[in-house]
Amino acid sequence: MRAKVQEWAEYSIGLVPTMGALHAGHRSLIERADAENDLVVVSIFVNPLQFGPGEDLARYPRPIEKDLEMLRGMDVDAVYMPGVEDMYPESASTRVMVGSVSELLEGASRPGHFEGVATVVTKLLWAVDPDRAYFGQKDAQQVAVVKRLAADLDTGVEIVVCPIVREADGLAVSSRNAYLSPAERAAALSLSRSLRVAAEMYASGERDAGRLRARIHEVLTAEPLGSIDYAELVDPSTFQPPGTLAVLAVKIEKTRLIDNHEVSKPFPG
Ligand code: AMP
């Protein structure tokens, strides 16, 4: 990858890091990268470091032929698909720790997750040396962690954040939606429903974070297949309460889903 990008020294490069199982969310990142750069590199790597014990690393979908077919139909100049042994030979022990923004919510719920994310993103930025790297607002806290690391490590890479792509009924598109049975797929709508309700409350004048939070919990709890991991209103850059970014992690039976919305803005659709 390094040798390739050295040949491309005079061009601007946009990097889109993914774990594959590509969908409309990834597509939107790639299209934005294509519009803003001479060349686009997509990485596909299911990063074992960001999965905890008992999480879905082994069963995470890896439809590689289908992914490559989608990428062949787009303006992508290189696909970087390192193997696990290439990224983490047995001797490798270095880890990137971002500190406070990585410690709450998703960080608290998935110990080691953001250390794994930060380590792989740092390695990808080194390998590809892009001008810009593209991330989805779907993973809101990941965006905050990556922005922090890109600035703190003097990477000079611009971190571009793309809006959440949703299905017509509001469900945020995710590779993990493939785990859902039809009944669970219907139950998963409780996440977007609760965000919509909070945005509507805000629009009608509600500013009390406690009442907005309580209403979100009420909507989520009404769904019998769902159990709340967290649902909070936080500041989007520090991830500390109080704030107007509603962030959710909810288990629908065995599948853990995340979603978020800035409640001061209308919910789309
Ligand atoms: P993943 O392959 O799940 O690690 O996601 C790769 C990138 O795509 C991350 O920056 C995600 O935030 C982004 N992404 C995933 N789902 C969506 C979505 N529904 N809308 C926008 N971006 C997304």
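Around the ligand are 17 residues, and those that come nearest are Met 19, His 26, Asp 139, Val 165 and Val 173; a residue counts as near if one of its heavy atoms lies within 4 Å. The model is predicted, so local features need pLDDT of at least 70 and side-chain atom pairs pLDDT 80 or more, while totals for chains, interfaces and linings use all residues. Residues are numbered from 1 along each chain as its sequence is written, and side-chain values use heavy atoms, with hydrogens and water left out.

Polar contacts are pairs of N or O atoms within 3.5 Å. A polar backbone atom of Met 19 is 2.9 Å from an oxygen atom of the ligand. His 26 places a polar side-chain atom 2.9 Å from a ligand oxygen atom. At Val 173, a polar backbone atom is 2.8 Å from a nitrogen atom of the ligand. On its own the ligand has 480 Å² of accessible area, of which the protein covers 93% (Shrake-Rupley method, 1.4 Å probe).

Helix H2 (24–36) is among the elements giving two or more residues to the shell, and its three residues are the largest share. Helices are DSSP runs of at least four residues, strands of at least two.

The structure also holds one cavity of 30 Å³ or more, meaning a set of points on a 1 Å grid where a 1.4 Å probe fits but cannot get out, with lining residues having an atom within 4 Å of a point. About 50 Å³ of space lies in the largest cavity, the volume being that filled by probe spheres set on the points. Strand E8 (residues 255–262) gives the most to its lining, three residues.

Key: 1 Å grid on protein atoms, 1.4 Å probe; cavity = no way out; pocket = protein on both sides within 12 Å on 5 of 7 lines; lining within 4 Å. Polar contact = N/O pair within 3.5 Å; in protein donor to acceptor, adjacent residues only side chain to side chain.
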